Amino acid sequence: MPISVAIVGSGPAAFYTAEALVNSSKDVSIDFIERLPTPFGLIRGGVAPDHQNTKNVTKKYEKTAINDQVRFFGNVNVGRDVSLVELREIYDAVVLATGAPRDRKLGIPGEDKAGVFGSADFVGWYNGHPDFRDLNPDLNVSTAAVIGVGNVALDVARLLIREKEELVKADIADHAEKAILESPIKDVYILGRRGLVEAKFTNVEIKEMGKLAACVPQVKPDQLPDGIGDLPDREKRLKTRNLEAFLEYSKRLPNEKPKRVHFEFYAQPVEILGNDRVEGIRLERTIVEEGRAVGTGEFFEIECGLVVAAIGYLSEPLEGAPFDEKGGIIPNDDGRVDDGLYAAGWIKRGPSGVISSNRPDGVATAQHIQKDFAQGAKPGRTALEKLLKERNVRSVSFADWQKIDAAEINNAEGERPRRKFTTVADMLDILDR
Ligand code: NAP
């Protein structure tokens, strides 16, 4: 009997696990169990819509999905349609690869005001994720602030000031494109509580900020370090390139282009200002001591009508699995959680790294499963299908997804890669035609 494996989620970590399992043995059957009718997790719902090259990795994932050993059960919600306990009863191994969909909280007064969003929600909104299509952020403001100095902060800031011609090849959701193109936003602040050396930006993404059609980066020269300091070689090389880009930005004039992205370092948010709606943000100047941001007691304010906190993500606890609330991950030993239970990707190690950083997780999990099971003992797929049928759960196969995919591609005009459906009902409707 083949080893039966259920992978909960269908983002990069899920696909790398499936790929490694398929490559390791013919005697393993793998089922993706995905809450949405659409596969690919963060590639579809997280990677910026103007980064289509990154999204092309799905071509590789498709090869795994159509392998005979693999099935996709979309539109099946673990925790509602089937429990984790049940999955563990019917599969030899269950791999949790559900990512980190929740926003970390700022923990400062005023963060619940209207106009303040976490980046998970905001990114989901412009990417047409069904959970966030009704977020409806009011972009009818002149200034926005993005908290955090990582790549998600750059994504959010960049999307906010994109021009029509820069979005023609993007698969941005219609509602977001309309709001962004109609928005009068002219200034976006990117706020870091520490300095450029500590910032998490990567070089390609920083350079992109210097080539925007209608926006010029603004950097205060006195906030840049004289040098990078003592770091391991590779890191030093990368950080030096970042510094070179910022030194160039520090010479750019504010009126070069109609819009500006201001990088403000050493600025720790302490309060979101305003009545019901955000009207500004109060910050404390910091210095960095032993790597930590330390407040100096000097405060200042930035007026803004929109705040997006891009300060990192947390995973979601799943009933039937342990959870480390503080770390926001599932406690695990290199991906092993419990007998027959594994974790891969962001739920295993936290929200860091690029897409391909999930590959080693997938390989490690596949190796653990191969070591832990000489052969399969549980029915897996047939038992899941029976259960879903009994419960009238309408699961979506990979062939079904391909129909949804074809319809989205067909609905797109010009160079646009696809026009996304943003409700589950619209996606299922295509399958009924
Ligand atoms: P991240 O890289 O961890 O950056 C989070 C930022 O938030 C850091 O600058 C952090 O500052 C700051 N922060 C955290 N708590 C804060 C607080 N309370 N107040 C102020 N600032 C706070 O996270 P991310 O940007 O969400 O990205 C997640 C992962 O996805 C990263 O590995 C990223 O590279 C990757 N990603 C890659 C791309 C790409 O390759 N194009 C695009 C998007 C995302 P401290 O360092 O001071 O804590």
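**Reading burial, charge pairs and ligand contacts**

Mentor: Let us start with K348, which has a relative accessible area of 9% and is therefore buried, where buried means under 20% relative accessible area, exposed means over 50%, and partly exposed lies in between, with a 1.4 Å probe and protein chains only. This is a predicted model, in which local features need pLDDT of at least 70 and side-chain atom pairs count only at pLDDT 80 or more, while totals for chains, interfaces and linings use all residues. Residues are numbered from 1 along each chain as its sequence is written, and side-chain values use heavy atoms, with hydrogens and water left out.

Trainee: With which residue does K348 form a salt bridge?

Mentor: In general, side chains of opposite charge can pair when their charged atoms come close. A salt bridge here is a side-chain nitrogen of Lys or Arg within 4 Å of a carboxyl oxygen of Asp or Glu, and K348 forms one with D361, the closest N and O atoms being 3.2 Å apart. D361 lies in helix 12 (residues 359-372) and K348 in helix 11 (residues 346-349), so the pair ties together parts that are 13 residues apart in sequence; helices (H or I, at least four residues) and strands (E, at least two) are DSSP runs, numbered from the N terminus. D361 is also buried, because its relative accessibility is 6%.

Trainee: How many salt bridges does this rule count?

Mentor: The count comes to 41, and one of these pairs is D187 with R260, whose side chains meet at 2.8 Å, N to O. Since D187 lies in strand 8 (residues 187-191) and R260 in strand 10, this pair ties together parts that are 73 residues apart in sequence. Both D187 and R260 are buried. Salt bridges can also be linked in a network, and here one joins D50, D155, R158, R162, E166 and E208.

Trainee: Which side chain makes a polar contact with that of H262?

Mentor: A polar contact is a pair of N or O atoms within 3.5 Å; within protein, one must be able to donate a hydrogen and the other to accept it, and residues adjacent in sequence count only if both atoms are side-chain atoms. The side chain of H262 makes such a contact with the side chain of D187, at 2.6 Å. H262 itself sits in strand 10 (residues 259-264) and counts as buried because its relative accessible area is 15%.

Trainee: How far is K113 from the nearest side chain of opposite charge?

Mentor: Lys and Arg count as positive and Asp and Glu as negative, while His and the chain ends are not counted. For K113, the nearest side chain of opposite charge is E271, 6.3 Å away, and K113 is buried yet has no salt bridge. K113 is placed in the loop between strand 5 (102-103) and strand 6 (116-118).

Trainee: Which residues come nearest to the ligand?

Mentor: A residue is near a molecule if one of its heavy atoms lies within 4 Å of it, and of the 19 residues around the ligand, V149, R193, R194, E205 and G353 come nearest. Helix 7 (residues 151-160) gives the most to this shell, with three residues. A polar side-chain atom of R193 lies 2.7 Å from an oxygen atom of the ligand, and a polar side-chain atom of N151 lies 3.1 Å from a ligand oxygen. The protein covers 82% of the 910 Å² of accessible area that the ligand has on its own, where accessible areas come from the Shrake-Rupley method with a 1.4 Å probe and, for residues, only the protein chains shown count as cover.
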